Amino acid sequence: YRCIRLILGDQLNPQHSWFKDKNEHTLYVIAELHQETAYVQHHIQKVCAFFCAMQHFAQALSQAGHHVLHLTLDDTQAYSSLPELLTYLIDQYGASQFEYQLPDEYRLRRQLQAFTTELNVTSMYYETEHFYLNESAIKQEFTAGKHHRMEAFYRRIRKKFNILMNGNEPQGARWNFDANNRNKLKPQDFNAVPSPLLFENDVREILARLKRHSVKTIGKSQDFIGWPVTRAQAKQLVTFFCKQCLPRFGEYQDAMSCQIDNAFDKRQWSLFHSRLSFAMNAKMISPAYVVNAALAYYEQHKAKISLSQIEGFVRQIIGWREFVRGIYWANMPHYSQLNSLSATRKLPDFFWTGETQMNCLKHVIGQSLDEAYAHHIQRLMVTGNFCLLAGVDPDMVEQWYLGIYIDAIEWVEMPNTRGMSQFADGGIVGSKAYAASGNYVKNMSDYCSQCYYKVNQASGLNACPLNSLYWRFMDKNQQDFAKNPRNRVIYANWLKKSGEQRKEILAQAEDYILNIENL
Ligand code: FAD
């Protein structure tokens with residue numbers, strides 16, 4: 001082969017221009033790599049889903065007439081890194097050209113850059129052709145260190161791609177329907193919640209491989225995984241989402257429930273969420289495919305789908321997803337070191353087991369270990385909020401998020417975790433820390449009614465830890481946070497409490513911090 005083209009595990013985009021023409025002289029390489037299983041401890045379903053999707057992609061490419069080399073962990077075990085493997089392959093096949101698509105992760109992009117500068121054959125890179133904004137567009141949109149705002153970015157993207165627009169104005173005369181989208185799920189709504197569409201992808205051979213190579217993983221393993229691993233399955237999931245979830249998506253996007261699990265034997269754990277993040281992040285389908293399918297469905301079903309549902313969904317994909325990518329690339333590698341609140345505490349052990357008496361954490365961590373999935377508000381306002389209030393070291397928080405979720409790839413995980421949820425970037429992603437007391441969890445979920453702790457108390461026996469930790473956090477950061485007008489009412493409420501009350505709450509918080517492993 002004259003040319004070797006590398007396809008990484010999250011570059012499974014069959015629509016890429018690479019595949020338009022068949023070429024006898026090009027060999028596509030898709031490889032299970034030890035370095036990728038080991039840079040963090042991943043959820044076992046995540047490793048299985050990636051490896052299974054890679055295998056299917058390799059098969060689909062060869063069926064389409066391309067030359068493909070699919071390597072398993074058995075085949076690559078002799079090579080300690082990707083460059084070592086590539087050096088061997090280039091030599092073995094006598095290739096005179098090496099080509100790759102730009103990795104979305106800084107770590108891999110640097111690794112391949114370093115590799116190609118040393119290489120004695122010519123090399124070339126391509127864009128992944130996946131996102132709405134290409135490489136040069138994100139460079140124009142984002143500046144290192146700048147406090148960008150998602151809302152302004154989102155509006156520009158809506159206009160640029162003419163999505164839900166009437167000329168220059170947003171449809172419905174509003175850009176944002178978030179205010180309509182904060183409903184709690186009540187038992188009378190449970191029937192309307194669909195069970196997730198689960199596929200039956202056999203990963204037993206992959207599991208055996210992981211065992212054979214002693215790959216350390218976390219989470220519950222399954223012989224048949226429910227995540228989509230082919231473009232056809234991903235498309236099926238999009239159709240399912242449009243029919244079953246989109247009509248209520250916005251309305252309940254922040255809602256959380258453990259009672260629905262109890263009521264229906266754990267069959268409805270993803271509520272009205274799409275579960276499309278893995279398929280998109282592995283690039284089996286593009287964001288434009290998902291958005292266009294949802295828009296087309298909405299257009300045909302306006303009688304049962306309101307604008308606020310579709311707007312809420314589109315915002316996540318053309319807004320947040322593209323936005324965090326821009327933040328990541330503008331600020332790496334500096335971003336990975338940011339710790340603006342100087343948080344240093346160790347992540348409590350119960351994050352790896354779910355064994356805590358705080359029902360919200362127990363439920364969200366348990367579900368994450370079982371399904372490699374939690375929805376946005378569970379990640380942000382339950383696990384993330386707890387770590388923020390407790391001052392957990394953002395490096396440890398990130399290790400957890402980067403490992404446990406099916407969709408966790410650094411470019412999207414890091415700005416969400418370090419930035420949005422831990423405020424460690426000092427406000428590059430969000431204008432204020434997403435800190436909340438137990439009241440937020442009570443308003444958005446049914447977790448509190450079954451909890452050992454009392455959500456209505458900030459101090460005293462079994463008072464909800466989130467309450468005192470919240471006040472401790474706000475008190476500690478008063479000097480900086482009080483400058484933000486959005487925090488004015490909060491500090492006014494804090495100061496309304498008597499000195500004695502404040503002391504008691506802060507003492508309670510210190511007690512919880514001391515006993516954090518036993519909460
Ligand atoms: P839905 O609720 O159905 O939303 C549709 C799509 O919108 C998602 O598939 C996703 O592609 C996109 N989206 C929604 N919110 C965001 C967001 N904040 N940033 C980027 N894209 C978004 N998402 C990841 O893909 N990978 C991660 O590693 C990741 N880590 C996160 C860590 C934290 C602390 C937080 C708060 C959020 C994180 N998110 C991450 C964003 C979000 O939680 C997930 O994208 C979402 O829960 C995936 O489930 P879904 O496909 O059912 O999403």
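Colleague: How many bridges join strand β2 to β4?

Modeller: In general, the strands of a sheet pair through backbone hydrogen bonds, and the pairing can be either parallel or antiparallel. In this predicted model, strand β2, which covers residues 26-31, is joined to β4 by 5 bridges, and the two run parallel. Within this pair, Ile30 has His70 of β4 standing opposite.

Colleague: What is the order of the strands in the open sheet?

Modeller: The open sheet has 5 strands in the order β4-β2-β1-β5-β6, and their pairing is parallel. Because β4 (67-71) and β6 (122-126) stand at the edges and each has a single partner strand, one side of each is left without a neighbour in the sheet. From one strand to the next, the twist averages 20 degrees.

Colleague: Which strands does helix α4 lie across?

Modeller: Helix α4, made of residues 82-92, lies across β1 (3-6), β2 and β5 (97-101), and it runs at about 155 degrees to β1.

Colleague: Which domains does the domain assignment give for the chain?

Modeller: The assignment gives domain 1 (3-126), domain 2 (135-201 + 227-331) and domain 3 (349-518). The centres of domain 1 and domain 2, taken over C-alpha atoms, are separated by 30 Å, and 12 residues from domain 1 and 12 residues from domain 2 take part in the contact. On the side of domain 1 that touches domain 2, the residues divide into 7 nonpolar, 4 polar and 1 charged.

Colleague: What is the mean pLDDT of the chain?

Modeller: Where pLDDT is low, the predicted coordinates should not be read in detail. Here the chain has a mean pLDDT of 96, with 100% of its residues reaching 70 or more, and the model scores ipTM 0.99 and pTM 0.97.

Definitions and conventions:
Residues are numbered from 1 along each chain as its sequence is written. This is a predicted model: local features need pLDDT of at least 70, side-chain atom pairs count only at pLDDT 80 or more; totals for chains, interfaces and linings use all residues. pLDDT is the predictor's confidence in each residue, from 0 to 100. Two strands pair if DSSP finds at least two bridges between them. Helices (H or I, at least four residues) and strands (E, at least two) are DSSP runs, numbered from the N terminus. Axes are lines fitted to C-alpha atoms, for helices over the stretch in contact, and angles run from 0 to 180 degrees between N-to-C directions. Two residues are in contact if their C-beta atoms, placed from the backbone, lie within 7 Å. Domain bounds come from an automatic or database domain assignment. Ala, Val, Leu, Ile, Met, Phe, Trp, Tyr, Cys and Pro count as nonpolar, Asp, Glu, Lys and Arg as charged, and the others, Gly among them, as polar.
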